[in-house]
Amino acid sequence: MADCIFCKIAEKEIPATIVYEDDKIISFKDLEPQAPVHVLIIPKKHIESLDDLKEEDRELIAHLMLKVKDIAAELGLENGYRLVNNCGEDGFQTVKHLHFHLLGKRKMTWPPG
Ligand code: 5GP
Ligand code: ZN
């Protein structure tokens, strides 16, 4: 989608430090890391948010979720991690392309801000 920063990263139009990629998803380091390990995992397809998932995306989202543990293992998060999705205005979603934050290598707290 034009003017979507994450589509541009997926299409290699703007640079990012990619940690995992296949035909359906891509994972890259967050520009402003909130933990020693902080990557984003996104579908290459432009889907605005979790709220916009459609039945036809079932296989794609299952694929993404099943890759989380592999990416976490690759990044050395054997002691655990946090997976976050911010959805919509109240969820404080700033980039309107579905993404999951994978954070690790520090002890998380609860509740989030
Ligand atoms: P949100 O607030 O929408 O859940 O998260 C968006 C995330 O994208 C933020 O953590 C922000 O640091 C990250 N981000 C925004 N623009 C870029 C970019 O151009 N490159 C990378 N690698 N991360 C970005
Ligand atoms: Zn997009």
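Trainee: Which of the 16 residues around ligand 1 come nearest?

Mentor: In this predicted model, local features need pLDDT of at least 70 and side-chain atom pairs count only at pLDDT 80 or more, while totals for chains, interfaces and linings use all residues. Residues are numbered from 1 along each chain as written, chains are lettered from A and ligands numbered from 1 in written order, and side-chain values use heavy atoms, without hydrogens and water. A residue is near the ligand if one of its heavy atoms lies within 4 Å of it. Of the 16 residues around ligand 1, the nearest are Asp30, Asn86, Thr94, His99 and His101.

Trainee: Which residue has a polar backbone atom 2.7 Å from an oxygen atom of ligand 1?

Mentor: Polar contacts to the ligand are pairs of N or O atoms within 3.5 Å. A backbone N or O atom of Phe92 lies 3.3 Å from an oxygen atom of ligand 1, and a polar backbone atom of Lys29 is 2.9 Å from a nitrogen atom of the ligand. At 2.7 Å from a ligand oxygen atom, the polar backbone atom belongs to Thr94.

Trainee: How much of the area of ligand 1 does the protein bury?

Mentor: Accessible areas come from the Shrake-Rupley method with a 1.4 Å probe. Ligand 1 taken alone exposes 520 Å², and the protein buries a share of 84%.

Trainee: Which element supplies the largest share of the shell around ligand 1?

Mentor: Helices (H or I, at least four residues) and strands (E, at least two) are DSSP runs numbered from the N terminus. Helix H1 (5-10) and strand E2 (25-29) each supply at least two residues of the shell. The largest share, three residues, comes from H1.

Trainee: In what order do the elements of the protein run from the N terminus?

Mentor: The protein has two helices and five strands. From the N terminus on, their order is α-β-β-β-α-β-β.

Trainee: What is the radius of gyration of the protein?

Mentor: The C-alpha atoms fill a box of roughly 35 × 30 × 25 Å along the principal axes. For 113 residues, a compact globule would have a radius of gyration near 13 Å, and the value of the protein agrees with this: 14 Å.

Trainee: Which residue has a positive phi although it is not a glycine?

Mentor: The residue is found in the segment before H1. Its phi is about 65 degrees, and its name is Asp3.

Methods: A polar contact is a pair of N or O atoms within 3.5 Å; within protein, one must be able to donate a hydrogen and the other to accept it, and residues adjacent in sequence count only if both atoms are side-chain atoms. The radius of gyration is taken over C-alpha atoms; the globule rule is 2.2 Å times the number of residues to the power 0.38.
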